[in-house]
Amino acid sequence: MILDGKAVSEKRLELLKEKIEESGLYPRLATVIVGEDPASKLYVRMKHRTCERVGIGSIGIELPEDASTERVLEAVTRLNNDPDINGILVQLPLPSQVDTTRVINAVAPGKDVDGFHPYNLGRLLAGDPVFAPCTPQGIMTILEEYRIPIQGQRAVVVGRSIDVGRPMAALLLNADATVTICHSKTKKIEDEMRGADILVSAVGRLKFVRPEMVKEGATVIDVGINYDEQGKLCGDVDFEAVRERAGAITPVPGGVGPMTIATLMENTFKAARLSAC
Ligand code: GUN
């Protein structure tokens, strides 16, 4: 079975649009982008377009490539203090002179629709999340939509980043999976991966997941964004080979990616609802 993230995201966005209309609220998202990275600019444009589609207002703050940490913090503080803004998204990665941790920590937790602030990561780890990071939360939505059982299942997450691996593991644990996190120093990583009923790869390496690492019938979630020799967008999973063994698998593109933006929209509406009460 192919897990069609694009279709799930379309369904969720339509539903969200109705909910926003019914609420009478006008949620607003602010994005902050530093520099001219074309991929980042494209992602931010897609986020603004999706906002418009579902009835969320959005503003974009663009800072120059050489902006200092202080300059970025100033922009974040202004947005924190702006009662018309419900959600703040600082597009990552930031240029190397900017202290990313200070910037993430400066976002007001109630407006942290990316879920990267330590307060929100702490709430997630405590099993009482408010805003969970959009990519792993979007993956949970795919699993839910396709009724893939999680409780009691063995889940293996490959990658331990703040935005994907760690929160993914916390979300799966909160849903009562038995969770293992693997990373570059894991011994016999293939053995760990082969034990997974749900395998999530967030490594960033082309054809990292081969069929011999996948249990027959497993659910395989591919978070990778890589480009092959022809410049074609590919995930971490050797898709054609692994799909024969997997019970369910997300493609790249059209799998996890669209769910990240849909979840950002859901988080922004949630921020608006929470600030209204
Ligand atoms: N860069 C790549 N993905 C993301 C994301 O989910 N949020 C932010 N802020 N930056 C990103």
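This is a predicted model: local features need pLDDT of at least 70, side-chain atom pairs count only at pLDDT 80 or more; totals for chains, interfaces and linings use all residues.
Mentor: Residues count from 1 along each chain as its sequence is written.

Trainee: Which residues does valine 200 touch?

Mentor: Contact means C-beta atoms, placed from the backbone, within 7 Å. Residues up to four places away in sequence are not counted. Valine 200 then touches Ile139, Val157, Val158, Met168, Ile221 and Val223.

Trainee: Is glycine 159 buried or exposed?

Mentor: Glycine 159 sits in the loop between β4 (154-158) and α7 (165-174); strands are DSSP E runs of at least two residues. A residue is buried with 20 or more other C-beta atoms within 10 Å of its own, exposed with 12 or fewer, and partly exposed in between, with C-beta atoms placed from the backbone. Glycine 159 has 24 such neighbours, so it counts as buried.

Trainee: Which residues does the "binding site" annotation cover?

Mentor: The annotation comes from an unreviewed UniProt entry. Positions follow the numbering used here, feature names are shortened, and annotations may be inferred rather than shown by experiment.

Trainee: What does arginine 160 contact?

Mentor: Arginine 160 is found in the loop between β4 and α7. It is partly exposed because 17 other C-beta atoms lie within 10 Å. Leaving aside neighbours within four places in sequence, its contacts are Gly165, Arg166, Ile181 and His183.

Trainee: Which two domains divide the chain, and which of their residues are involved?

Mentor: The bounds come from an automatic or database domain assignment. The chain is divided into domain 1 (25-110) and domain 2 (134-256).

Trainee: What separates the centres of domain 1 and domain 2?

Mentor: The centres are taken over C-alpha atoms. The shell around the ligand draws at least three residues from each domain. The separation of the centres is 28 Å.

Trainee: How many nonpolar residues does the shell around the ligand have?

Mentor: The shell is Leu89, Val90, Gln91, Leu92, Asp114, Cys134, Thr135, Asp163 and Thr260. Ala, Val, Leu, Ile, Met, Phe, Trp, Tyr, Cys and Pro count as nonpolar, Asp, Glu, Lys and Arg as charged, and the others, Gly among them, as polar. By class there are three polar, two charged and four nonpolar.

Trainee: What distance separates the C-alpha atoms of tyrosine 43 and isoleucine 261?

Mentor: Tyrosine 43 lies in helix α2 (residues 38-54). It counts as partly exposed because it has 18 C-beta neighbours inside 10 Å. Isoleucine 261 is 218 residues away along the chain, yet the C-alpha separation is 9.0 Å.

Trainee: Which residues does alanine 241 touch?

Mentor: Alanine 241 lies in helix α9 (residues 239-242). With 15 other C-beta atoms within 10 Å, it is partly exposed. Not counting residues up to four places away in sequence, it touches Arg210 and Pro211.

Methods: Helices (H or I, at least four residues) and strands (E, at least two) are DSSP runs, numbered from the N terminus. Two residues are in contact if their C-beta atoms, placed from the backbone, lie within 7 Å. A residue is near a molecule or strand if its C-beta atom, placed from the backbone, lies within 6 Å of it.
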